[in-house]
Amino acid sequence: MNTKLKVSKVSKIYPGCIANDNVSLNFQSGKIYALLGENGAGKSTLVKILSGVINPDKGQIFLNDKLLKLTSPKDAKNNNIGMVFQHFNLFETLSVFENLSIDNEKNNHQLRILINNILKKYNFKIDLDVPILNLSAGQKQKVEIVRCLIRNPKVLIMDEPTSVLTEQETEDLFLSLKKFSKEGILIIYITHKLKEVLSLCDEVAVMRKGKVVSISRTVDEELSSLANKMIGENLNKIKKIASNNLSGEEILKVSRLNFNSEDPYEVNLVDINFTLNKGECLGIAGISGNGQNELFQILSGETLSNNGSIKFRSKEISKLNPKERREYLMAFSPEDRISQAAVPSLKIYENVALNNFKTSNFFEKGLFNERKIKDHSKKILSNFSVNTDNVNLKSQFLSGGNLQKLILGRELITSPELLICFNPTWGLDVGAINYIHQTLVKINEQGKSIILISTNNDELLQLSDRISVINKGKLSKIMSAEEVNPEKLGLLMGGGLVD
Amino acid sequence: MIKIERRDETSNLIYFLTPVLAIFLTLVTGAIIFYLLGFKPLEALKFFFITPISDLYGLSELLVKATPLCLIAIGLSFCFKSNNWNIGAEGQLTFGGIVGGGVALLFYNHEGFYVLPLIILAGAIGGMIFAMIPAILKIYFNTNEILVSLMLVYISKLLLDYLVVGPWSNPEGFNFPETRQFSESARLPILFEGLRIHAGIFIALFSVFLAWVVLFKTYLGFQIKVSGLSLKTAKYAGFKGKTMILLVFMVSGACAGLAGVGEITGPIGQLHRMISPEYGFTAIIVAFLGRLNPIGIVFASLIVALTYLGAETAQIFLQVPKYTGQVFQGMILFFLLASDFLLFFRIKFLGLKKYEY
């Protein structure tokens, strides 16, 4: 069956921003289409228009030359347009089958047969009667896909589906998507990951600032050409030069560190041992939820472990709180930049004052030295190219990239000897990621050390000197970056063994 | 379908004006209630809010009542700003009164300038120690401070009951449940002959100033603010969370203790069962009506004190129960919370057929 989807001159204007500017696209079944763009390029708006969540101000959408009226997600469903969102819409405590039957009119017996057929056909291994919360992210996504497949979709839209998946799960997903495509389902794949576009898709439309800037076949493209189209400027490729100023001077030594949490939702850390040298970047990979959070908190001093030792320049620091550790010139950039690293309702300069040193004199004799803090904040804003010079702005009005620059700036302007950062580029656009990577490389070159806990393997491979993988609270053997490749990482992340 | 969304930004001016709106709505609703009860609304409101303060004596009474409310609310603002829900100021007030009163009885018939400061200090320390109980239990056993501080209110009230009936009761008092009248050296000086307004007001005003400096100009105040907005951030910044819990409770307890000792050495002059018409609970309303801001609290305490006075005059002139005062206090809090909700959230009506993901 041949499906044609046509987006014709669609515009959507929000106050102060044109989310979609006269977008026209043609899609045809049998092919997998990529919609590529930075955060805020207008992809999500277009997807929401296609799925009926929001209405366009101008323009039409045609399915097989028939004008579609999409005023609610229900209309999209009735017109056989299926959507898998980045965040799952599943009831955690209900079983898989219950989740699938909620919005389905068929009787339970028929539905179960139908679902079982789908599972068999695509070789999905999911137990229909376990609650959703027992499933991995990849399995949850399959449930979402099955929910679409039940309705015989003509169009399947996937919104950044791999952000929560492991390498292995991603490959699985790609195989399934290719299968769907062969069966005549038109697939639109939204992403900002360039590699995925090249390995999965046939055609790619690049969006930038609400406009479609390029439509091309992926065989004609390569990583750098796509990246340039996406951000509209030539990226200077970050190449980490293997740090040759490694003096072998030991900065941090963690030994026999264990952490048993009282909270059942936290991960216990088991026998963590590693050392970090001056000027080195140690990457810690892993699927999220394998103890990264706990490890970060223990290294920063937010939680204290009751046994094991952490030595910073041979001084025992395991009983110190984050403020005391900062005095030793450690700096921390947590994963949750929005509500942990900063308080959204505080002004920029107040957020800067969070990182308070004895020597910074923000609070002379306990009094708030507003002028000093503001001067210091201005310096951060300009040194780290944050897109504002107003230190009285509430930090909730900064975009993700600018907020992260502010936080990194705040942590780095004191020239710490060790920076511990956790997913520093999570959810940022290419421009900001590029900036932050450059910054990290630069401080390494200045002889500062970094512990980079990240779920982004590309980033780890790009920036680390040595890499270890955390799985269920245990660290793998630490490997030098040259001997690691994505496959090896994927294997270790999934709990497998290498060598 | 109705959808409730958080607003992006609320203007500072409106934030401080909504309490005024809440008071206005309270007046309108009060007028309606009076009308339904068969009174002329405007006249009733006049009896309630104007008559009580139309002479010097009335104004002095207003300040007498506003003083403890303001003091307690100032203390509570430290707790509430840092996300510690101390509901037991009434108990801390009572315990401060007990300890201060104990010292006053100890120095019965003593002369000397040191007696009064000693009593006041004892009262503050008493309230502080009593407030440390929920704080310490929270820190070490993770108990809920709301429940603990609330339950402690009844413990201190019953202890006061026992003392004034038993060991501390006035030997010449014909078994009335009250202690001796404190001697002159143990009394706060009266400011004007014939009026009840006393030197306690200076303690309250000084604490307002001190609280303003601490909350807005010091590192401690900054830490309190950050902890109130995000405990996660406070932890990340390395603020000593446990010390801070203890500290804010101590401040709050000391203020409530001061209010208690101010009452017994000021207008009351002895210990008896009813040393406070629930000032400790009403001060919670004052603290929120004043936006946890020291200056706001000064105004809020005057307004709420007026409801106490209004209830008394209304009782006399309109023959309504004095609990009308509490009805008005309740309405103020209700309208304040309601307008806050609308201030921070907007309600969207999406029509009936719309689907929402």
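In β10(A), Ile215(A) is the bridge partner of Ala205(A). The model is a predicted one. Strand β9 of chain A, residues 203–208, pairs with β10(A) over six bridges in the antiparallel sense. Both strands belong to an open sheet of six strands in chain A, ordered β6-β7-β8-β3-β9-β10, with mixed pairing. At the edges stand β6 (81–84) and β10 (211–217) of chain A; each has a single partner strand, so one side of each is left without a neighbour in the sheet. On average, neighbouring strands of this sheet are turned by 20 degrees against each other, direction ignored.

## Helices on the six-stranded sheet

Helix α1 of chain A (residues 43–50) packs on this sheet, touching β3 (32–37), β6, β7 (155–159), β8 (186–191) and β9 of chain A. The direction of α1 makes about 145 degrees with that of β7(A).

Helix α6 of chain A (residues 167–182) also packs on the sheet, where it touches β3, β7 and β8 of chain A. The direction of α6 makes about 145 degrees with that of β8(A).

## Four-stranded sheet of chain A

Chain A also has an open sheet of four strands, in the order β12-β11-β14-β15, with antiparallel pairing. The edge positions are held by β12 (269–277) and β15 (315–316) of chain A, each with a single partner strand, so one side of each is left without a neighbour in the sheet. Strand β11 of chain A (residues 250–259) and β12(A) pair over six bridges in the antiparallel sense. Within this pair, Lys253(A) stands opposite Thr275(A) of β12(A).

Helix α9 of chain A (residues 292–300) packs on the sheet and touches β11 and β12 of chain A. Its direction makes about 55 degrees with that of β12(A).

## A helix pair in chain B

Helices α11 (residues 279–289) and α13 (residues 324–344) of chain B have axes that come within 10 Å and cross at roughly 35 degrees. The crossing of α11(B) past α13(B) is left-handed. From α11(B), the contact involves Thr282(B), Ile285(B), Phe288(B) and Leu289(B); from α13(B), it involves Gln329(B), Ile332(B), Leu333(B) and Leu336(B). Six of these contact residues are nonpolar, two are polar and none is charged.

## Contact between chains A and B

The two chains meet through 25 residues of chain A and 18 residues of chain B. On the side of chain A that touches chain B, α2 (73–78), α10 (322–327) and β18 (367–368) of chain A each supply at least two residues. The most comes from α10(A), with four residues. By class, this side of chain A has 12 nonpolar, eight polar and five charged residues.

Note on methods: Residues are numbered from 1 along each chain as its sequence is written. Chains are lettered from A and ligands numbered from 1 in the order in which they are written. This is a predicted model: local features need pLDDT of at least 70, side-chain atom pairs count only at pLDDT 80 or more; totals for chains, interfaces and linings use all residues. Two strands pair if DSSP finds at least two bridges between them. Axes are lines fitted to C-alpha atoms, for helices over the stretch in contact, and angles run from 0 to 180 degrees between N-to-C directions. Two residues are in contact if their C-beta atoms, placed from the backbone, lie within 7 Å. A crossing is left-handed if the near helix is turned anticlockwise from the far one by less than a right angle, and right-handed if clockwise. Ala, Val, Leu, Ile, Met, Phe, Trp, Tyr, Cys and Pro count as nonpolar, Asp, Glu, Lys and Arg as charged, and the others, Gly among them, as polar.
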